[in-house]
Every structure is written in structure tokens, then in C-alpha cells.
Amino acid sequence: MTDTTNAPAAPSNPPPSQAARKGAWSRFLTATELDTRLIGMVAALILIWGGFHMYGVLVNGQGFFLTPRNLWNLSVQTASIGIMATGMVLVIITRHIDLSVGSILGFTAILMGMMQVNILPQYLGLGHPAIWIITVVFGIICGMMIGGFQGALVAYGGIPAFIVTLGGLLVWRGCAFLVARGETISPVDATFSLLGGGPYGSVGATGSWIVGLIICAGIVFMIVNGRRQRTKFEFAKRPYWADTFLAVLGCAATVGAVLLVNSYYWPKGIVKQYIAANDLNVEAETLFISHGFAIPVLVLVVVAVTMNFVMNNTRFGRYVFAIGGNPEAAALAGIDTKWMTVKIFAIMGGLAGLSAVVASARLNSATNALGTLDELYVIAAAVIGGTSLAGGVGTIFGAILGALVMQSLQSGMVLIGFDAGMQQVVVGSVLVLAVFLDILYRRKSK
Amino acid sequence: MSANTPIDRTGTPLVEMRNMSISFGGIQAVDDVSIDLYPGEVVGLLGHNGAGKSTLIKILSGAYAADSGEIYVNGEKATIDNPRDARTYNIETIYQTLALADNLDAASNLFLGRELTTKFGMVDDAQMEAECRKIMHRLNPNFRKFSEPVSALSGGQRQSVAIARAVYFDAKILIMDEPTAALGPQETQMVAELVQELKRQGLGIFLISHDIADVMELCDRVSVMKNGQLVGTEKVEDVTDDDILGMIILGKKPGAKAA
């Protein structure tokens with residue numbers, strides 16, 4: 001059919017006057033195809049980081065925020081929330097919500113604690129190398145089953161996700177208490193605890209460089225491959241300078257991150273321990289050992305890349321977006337929307353289980369209060385990261401940036417000495433403000 | 001009235017729905033209705049709102065499961081339990097609501113549920129966009145918004161995406177639910193031309209409409225429904241607008257009026 005009303009308004013080449021009127025900035029955005037809201041979030045992050053650092057410099061005489069140590073800690077703290085936020089993106093895109101993730105985290109942490117401390121050592125012996133693997137797999141499967149069960153209640157029972165997971169919030173927290181009779185399970189398996197980070201739970205300088213190079217290679221491959229695809233089908237290509245710019249930017253950010261984590265050295269106490277344990281004949285003051293990337297951060301990176309791939313390159317991901325955009329249309333297109341809902345909630349539960357691994361390993365113990373209020377941080381991370389509560393829109397990397405923003409606010413306020421009440425006020429206000437800005441942004445782009 | 005070549009109705013019908021019934025919570029939405037459709041034929045389905053036209057057709061497209069009745073495609077009994085089944089019988093539907101996912105682009109909507117994949121099983125967006133460009137060039141040469149979500153398109157452009165989806169996959173049986181309801185006169189004309197072309201290609205089309213003039217122009221036969229029951233099926237050349245109006249409003253067949 002011909003659309004006569006729109007034909008004159010959409011000429012193939014805009015008149016030169018109009019092109020000239022578009023500023024350099026907007027031409028830059030068009031050429032690089034960068035998302036304005038992504039840039040906005042990075043800007044907000046820089047503002048938050050700079051702000052906290054300057055506040056420290058001006059008020060306390062010394063800034064602690066922009067130090068390798070703080071940023072390294074920030075990356076570890078973001079991991080647990082970030083892992084769950086990637087799953088929450090799927091849940092919110094399909095117009096649901098999951099309020100139970102914090103409780104699932106707590107419950108699976110307790111289950112894993114029982115598994116590795118009370119059950120497995122009986123059969124395998126204390127410190128057996130298989131313990132941590134069995135425990136992690138067990139925890140993720142428990143999370144998936146809990147999530148899948150809740151998803152089935154939503155999809156086949158027709159109960160709103162809000163109610164199902166609000167119930168779950170109480171039920172799983174209660175289960176965590178009942179199973180462990182309120183006790184804290186500690187210490188966890190020695191290998192397992194490495195998954196939580198710390199000096200031993202990091203990959204060191206060489207390891208970080210290898211990770212960094214792999215990421216850089218991945219970035220370059222994606223840009224080259226995208227270009228090849230566009231050439232093959234004769235679609236409009238990004239200009240060479242824009243592709244080069246994106247590649248250099250991505251690689252520079254990666255190398256910067258490696259340099260940063262490598263310039264945070266082990267504390268002297270740990271170094272002394274290390275020298276004693278290995279019978280080294282050096283002075284602790286002269287030995288500098290880099291942390292490098294913490295293992296939980298690498299877990300987050302792997303989860304993010306995988307989830308991003310699933311969302312953008314598989315049918316499953318396409319159906320998630322379709323269901324969010326128009327559930328009825330998705331069903332009429334032959335998509336089994338109910339089974340999809342079960343799968344999405346199962347993934348969310350599995351990721352909560354994985355977060356429980358990171359969180360309990362970091363604490364070196366499992367308590368039934370682990371993950372309390374995490375659901376709010378996870379939902380806030382997803383929403384601040386551009387996931388629309390109306391459904392159909394959201395990105396994985398946005399959610400991780402959102403998690404980083406939330407965590408930066410949180411730890412920044414701790415550093416400058418805000419008390420707990422003030423922190424809650426700020427975090428709550430930021431969430432509401434972020435959603436409001438999001439609504440303004442969408443209204444404008446319509 | 002249409003200057004159509006006569007339809008050969010001696011062979012096996014393309015589709016036959018026999019004694020279809022469905023009820024929702026005690027309301028008999030479709031009550032023992034039988035209709036059929038031959039290759040190259042357009043059958044109009046008429047009736048008031050709530051007469052059961054859309055419900056009947058949703059049984060054929062797999063959106064609803066009938067309580068009783070049988071469907072035959074090319075003379076063979078067909079089992080249609082969901083939209084996927086309908087598609088395997090080459091039954092394609094253009095819904096009144098268009099059934100588009102507003103947040104996805106034209107190509108993603110075109111291939112929704114039937115994505116093209118690379119040899120690694122990943123969705124092949126570039127290939128799908130290329131195919132989408134091809135078919136849209138045929139249906140609507142002015143269509144250029146390939147990378148934008150369909151929510152950014154005009155009513156006519158959205159309609160052409162919905163039509164492209166039905167036409168692209170070699171439909172043999174096409175269901176059009178109020179295809180012109182949201183369109184201006186010029187676009188309506190384009191739909192009419194498309195229907196004529198698809199007819200020539202031998203497709204069978206069920207056309208649901210409110211507009212009697214539309215139906216008289218495009219259809220070969222009309223089936224009129226009232227309160228879930230079939231009032232009757234007439235050849236367009238045998239009846240007048242008033243006869244059809246009588247069937248819709250009073251539920252009586254043209255023959256009965258003469259008596």
C-alpha cells in the first residue's frame with residue numbers, strides 16, 4: 001500500500017539546509033549510533049563519582065572515592081546486584097515484576113551453606129575440590145526451581161506476578177530461617193569463598209591483562225562483523241571514523257579498567273601472610289601484588305555478555321521483547337507465552353541463586369538475612385538502566401550501569417559519612433527521579 | 001458490482017468449517033455454523049458487532065479452540081489447536097488489531113514466531129531486514145522506516161506490515177478482519193487491488209467487514225451471521241444491498257422475504 005500522507009515527509013535525502021542545521025553533536029550521535037540515554041547514564045556516573053570525590057577533598061581534606069581501592073571494592077559490591085539485574089530486565093520487559101529475588105538469594109544461600117558445610121563434607125571429606133562445584137550447581141538449580149514455580153503460578157495460575165512474588169518475598173525468607181533454625185552457617189568451603197572476591201579471589205595482574213585482551217578482541221570482532229553484515233546486504237554503514245572511534249573507546253575503557261584493578265595492591269597484612277605461607281625471603285614492604293579483577297566481577301561480565309547475547313541474538317530474546325510489546329500479538333504469532341513466562345522467572349531465580357553464591361562467598365558465611373532489600377536495588381538498577389515498567393524496552397548493559405549507579409551512591413554516601421537514614425532518603429529519591437526523567441525522555445522522543 | 005470471473009465450486013473447497021460451536025461462560029458465541037471457501041474466492045463475513053464473525057474466524061486461525069465442529073483443509077480433516085498449527089496449513093490472518101509488537105521493527109514483526117536463523121541458530125536480523133525490504137518494496141514502495149519500531153509508523157504503514165506478514169509466507173488461505181477499518185480512501189483502494197491480485201493467484205480469502213459496499217465490491221459470496229448463528233450464504237450477484245441488510249438486521253433470508 002502507498003502511504004500518501006507520509007511520503008513527502010520522508011525523503012531519502014534530507015535537504016542540505018536541514019543537514020547543516022543539525023549540530024556536530026547530533027551528527028556524531030547519528031554516525032556512531034550511540035544511545036543518548038546510555039551517554040546520559042555514563043555522564044550521571046561520572047558526576048556521581050566526581051561529586052563524591054570532590055566532597056571528600058573539600059570537606060574531609062582527602063577524597064577517597066576515585067582511588068583504586070574504592071573503585072575495586074565498588075566493582076565487587078556491584079556484582080551481586082548486577083547479576084540479578086540482568087534477569088530483572090527480562091521480567092520487567094515482559095510486564096511482570098519479581099519482588100522475591102532478595103529472599104530467593106537468602107534461601108538458596110542457606111541451602112548452599114547447609115550443602116557445603118553440613119552435608120557434602122560427610123561424604124567427600126572436608127575441603128574436597130568437588131564441593132564448591134556441586135554447591136554452586138545445586139544453588140543455581142534451587143533458584144531456578146523456585147523461580148520456575150513462581151513463574152508457573154503467574155502464567156498458568158493467572159495470579160499477578162506482584163502478588164506471587166510478594167508472597168515469595170515472605171515465604172522464601174521464612175524458609176531460610178526455618179531450614180537453618182536462624183543460625184549463621186560459617187565458614188564456607190575454602191574454594192567456594194574465592195567466588196566472593198578478596199585478595200585470593202582475584203585473578204592478579206597477568207590474568208587481568210588476559211581478560212582485558214579477550215574483551216578488546218571481542219569488541220573489535222563485533223564491530224568488524226557488523227560492518228561485514230551491513231556490506232553484505234548493502235545497508236547503510238557507519239562511517240569508518242565512527243567505527244574506529246567506537247573500537248578505540250571500547251578498548252581504552254577496557255585497558256583503563258585493567259590498569260585500575262592492577263594498581264590496587266594486596267594489603268600488607270595479607271602479603272606478610274602470603275610470604276610466611278610460601279616461605280619467601282622478601283620484605284613485605286617491597287613486595288607489591290596486584291589484585292586484578294575480582295572473580296565475582298568476572299562472573300558478572302560473563303553473565304552480562306551471555307544475557308546480552310540471549311536477548312539480541314536468539315529467538316528466546318526476540319520473544320521476550322515481543323511479549324513485552326504486545327502479549328496478544330505474541331500469542332497470535334504462535335509464541336507459547338505461558339511457557340516463556342515460566343522460563344523467564346526460572347532464569348531470574350537461577351540468577352538469584354548465582355548471586356547468592358557471590359554474596360555468601362564474600363561474607364564467608366550464609367545467614368538468613370542475606371539479600372534483604374536486594375529486590376529494591378535490583379528493580380531500581382533495571383529501571384534506572386532504562387528498562388520500562390510499561391514493558392517491551394530494556395537493555396542488559398543499561399541495567400548493569402544502573403546497578404553501578406545505585407552502588408556508587410550507596411558506597412559514596414558511606415565514604416563521606418552519611419548516616420543510614422540519609423542514605424535511604426537519597427536512594428529512594430534517586431529512584432523516583434530516575435523514573436521521572438525516563439518518562440520525560442520517552443515523551444520527548446515520541 | 002464486481003466483474004469477476006465465475007468461481008469453480010465443483011471441486012474440493014479450500015477450507016470447510018462444519019458445524020462449528022463455541023461458547024464462553026454460557027454465552028453461545030458461535031452456534032452450529034458451517035461455511036466454506038474455494039480457491040480464488042473471496043467470501044465476506046457480515047454481521048453486527050458480537051454476531052460471532054471474529055470468534056468463528058479465530059477458531060480457524062487457532063486463537064480459540066472450538067467446543068465442537070470440524071475443519072477440513074483441501075478435503076482433509078485439519079487439527080488446529082494453536083496459531084502455529086494454522087500456519088502449517090498456510091492459513092494466515094490479518095487481525096483487526098493488526099497484532100503487531102509495537103516495540104519491534106518491521107522485519108521483526110514480519111518474521112515474528114518464524115525468525116530466520118543463521119547456521120548457529122542465532123536470529124539473522126540482517127537477512128530478515130533484507131527480505132522485509134524486498135516484500136515491502138512490492139507492497140508499499142514508499143515504506144522506508146525499516147529500523148524504527150512499528151509504533152513510529154502511520155496507520156497505513158502498520159497495515160502494510162501486517163499484510164506483508166500474511167503474504168510473505170505463501171498463504172493459501174487468508175483471513176482479513178476489517179482490513180480497511182483504520183484506513184483512508186486511497187489506502188482502502190490499495191487493499192482492494194491487493195485482494196484482487198491475491199484472488200488471481202488462487203488464494204482463498206475470508207473478509208470480515210462492516211461495510212456492505214466493500215463486501216459487494218470485493219466478495220464473490222457473503223455469509224451473514226446473527227447472534228452466533230449463520231443466517232445464510234448468498235452469491236453476491238444474486239442479492240441486493242437491501243437483501244443483505246435484511247439478513248444482518250432481521251436475520252431473514254432473501255427468499256423468505258418474497259414469500
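View 1. Residues are numbered from 1 along each chain as its sequence is written, and chains are lettered from A and ligands numbered from 1 in the order in which they are written. As this is a predicted model, local features need pLDDT of at least 70 and side-chain atom pairs count only at pLDDT 80 or more, while totals for chains, interfaces and linings use all residues.

**View 2. Contact between the two domains of chain A.** Six residues of domain 1 of chain A touch eight residues of domain 2 of chain A; contact requires C-beta atoms, placed from the backbone, within 7 Å. On the domain 1 side, α4 (68-93) and α12 (295-313) of chain A each give at least two residues. Helices are DSSP runs (H or I, at least four residues) and strands likewise (E, at least two), numbered from the N terminus. This side of domain 1 has six nonpolar residues, no polar and no charged ones. Nonpolar covers Ala, Val, Leu, Ile, Met, Phe, Trp, Tyr, Cys and Pro; charged covers Asp, Glu, Lys and Arg; the others, Gly among them, are polar.

**View 3. Contact between chain B and chain A.** Chain B contributes 34 residues and chain A 29 residues. On the chain B side, α2 (83-88), α4 (125-139), α5 (155-168) and α6 (185-200) of chain B each supply at least two residues. By class, the chain B side has 15 nonpolar, twelve polar and seven charged residues.
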